[in-house]
Amino acid sequence: MLRLELTDLVEDGFEIALTGITEDELSRLSVGVGELEQMPEVPDGDRSPYRDMTFILYGEQFGTVERAIAKATKPREPNNPNRSPQGNALAAICAEYLERVS
């Protein structure tokens, strides 16, 4: 998430040096280095429990997904480590769907 936010700042012309993050740290985060030719290999044991997914939606699919996530979004439960309300909502929608089709 930090990489994405810093990349947005760089693209918007923000003087990234004001963050106090060194160029070496920015390089390790792949900020300001352009597109990667390929994803770096990460050993299985070093994988974060947080995972990122990207979807391409066509036409009204976006509105449908957006409305479903908005309806499923609830306050975060204290024992849930995921602080993303949208991620939690999507997980709940998928769990309910899987219960129905199983």
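Isoleucine 21 touches Leu6 and Leu26, leaving aside residues up to four places away in sequence, and this contact belongs to a predicted model. The protein chain holds four helices and zero strands, so that, read from the N terminus on, its elements run α-α-α-α.

**Confidence**

- Across the protein chain the pLDDT averages 79, and 82% of the residues score at least 70.
- Confidence is highest in helix α3 (residues 61-72), at a mean of 92, whereas helix α2 (residues 23-28) has the lowest, at 74.
- Where pLDDT is low, the predicted coordinates should not be read in detail.

**The chain as a whole**

- The protein chain has 102 residues, of which 9% count as buried.
- Its accessible surface comes to about 9,300 Å², and carbon and sulfur atoms account for 55% of that area.
- When contacts in the protein chain between residues at least 6 apart in sequence are considered, 32% of them join residues at least 24 apart.

**Isoleucine 21**

- Isoleucine 21 has its place in the loop between α1 (2-11) and α2, and its contacts there include Leu6 and Leu26.
- Because its relative accessibility is 23%, isoleucine 21 counts as partly exposed, given that buried means under 20%.

**Glutamine 86**

- Glutamine 86 counts as partly exposed because its relative accessibility is 47%, and the exposed class begins over 50%.

**The second largest pocket**

- The second largest pocket contains about 170 Å³ of space.
- Its lining is made up of Ala72, Thr73, Lys74, Pro75, Arg76, Glu77, Asn80, Pro85, Asn88, Ala89 and Ala92.
- Helix α4 (residues 85-101) gives the most to the lining of this pocket, with four residues.
- Sorted by class, the residues lining the second largest pocket are five nonpolar, three polar and three charged; Lys74, Arg76 and Glu77 are among the lining residues and count as charged.

Notes
Residues are numbered from 1 along each chain as its sequence is written. This is a predicted model: local features need pLDDT of at least 70, side-chain atom pairs count only at pLDDT 80 or more; totals for chains, interfaces and linings use all residues. Side-chain values use heavy atoms; hydrogens and water are left out. On a 1 Å grid over the protein atoms alone, a cavity is a set of points where a 1.4 Å probe fits but cannot get out, and a pocket is an open set with protein on both sides within 12 Å along at least five of seven lines; lining residues have an atom within 4 Å of a point. Grid points are joined across faces, edges and corners, and a volume is the space filled by probe spheres set on the points. Helices (H or I, at least four residues) and strands (E, at least two) are DSSP runs, numbered from the N terminus. Buried means under 20% relative accessible area, exposed over 50%, partly exposed in between (1.4 Å probe, protein chains only). Contact means heavy atoms within 4.5 Å. Accessible areas come from the Shrake-Rupley method with a 1.4 Å probe; for residues, only the protein chains shown count as cover. pLDDT is the predictor's confidence in each residue, from 0 to 100.
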